[in-house]
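Here is a short report on a protein model. Look at the sequence and structure first, then read on.

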Amino acid sequence: DTGTFEVLDPIYFSKDKNLVYYKENPLPDSDPNSFKYITSSYGKDNNSAYYQNRKIINSDPDSFEIINSSKKYTKDKNNIYYKENKLEGASPDNFTIISEGISKTDKYVYFKDKIIIGADPETFCSFPGPDTSWKLFYKDKHSIYLMGEKLNNIDYDSFILINSYTAKDKNNTYKANYNPDTDEHFLEIVN
């Protein structure tokens, strides 16, 4: 409705008397009278929280808040979310962010919003080495991981980082390839 149209933030959120919009996309079941813009990606109304133009299913808007500087992890009184997706088995009482895209609880380790099958949450950590803001390699007491993927055929005991993208073990030198926009990642041997 052009007569009641109002911009809520300088870039993305707007509303009219009928709905709230993210860019030109309507937010399903949104309440324009109670909607509050939080950031350029998040908002909430009396019914739900929203990530961009998607409703965060079963979120509690009264307790909803952002919990990390990249603004991709959020929580409410019951759950943890990565963007609009609930992290299964995670609650605000048992959740730790390891680095961007990697988190854990006392039972699970997550790559973004997916459980890393077989990862040991008690010992899972970023791999020691060069200090970078974007970590690619991780380990637990049994395995080495590239982001959320367990690496096979790696010698655990001799594996070391050379730099953020390069590592070696007693058998090979490896280069990590990662595209954060698509989550595509793989390890290539570069001997």
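**Strand pairing**

Lys-104 stands opposite Val-109 in S15. Strand S14 (residues 102-104) runs antiparallel to S15, and three bridges join them. Strands here are DSSP E runs of at least two residues, numbered from the N terminus. Two strands pair if DSSP finds at least two bridges between them.

This is a predicted model: local features need pLDDT of at least 70, side-chain atom pairs count only at pLDDT 80 or more, and totals for chains, interfaces and linings use all residues. Residues are numbered from 1 along each chain as its sequence is written, and side-chain values use heavy atoms, without hydrogens and water.

The open sheet has four strands in the order S13-S14-S15-S16, with antiparallel pairing. S13 (96-99) and S16 are the edges; each has a single partner strand, so one side of each lacks a neighbour in the sheet.

**Nonpolar cores**

The largest nonpolar core holds 22 residues; Ile-116, Phe-124, Leu-136, Phe-137 and Phe-159 touch the most other members. Strands S15 (109-111), S18 (137-139), S19 (144-146) and S23 (173-179) each supply at least two of its residues. A second, separate core of seven residues includes Ile-80, Tyr-82, Ala-90 and Tyr-110.

A nonpolar core is a set of buried Ala, Val, Leu, Ile, Met, Phe, Trp, Tyr and Cys residues joined through side-chain atoms within 4.5 Å. Buried means under 20% relative accessible area, exposed over 50%, partly exposed in between (1.4 Å probe, protein chains only).

**Ile-115**

Ile-115 lies in strand S16 (residues 114-115). Ile-115 is partly exposed, at 31% relative accessible area.
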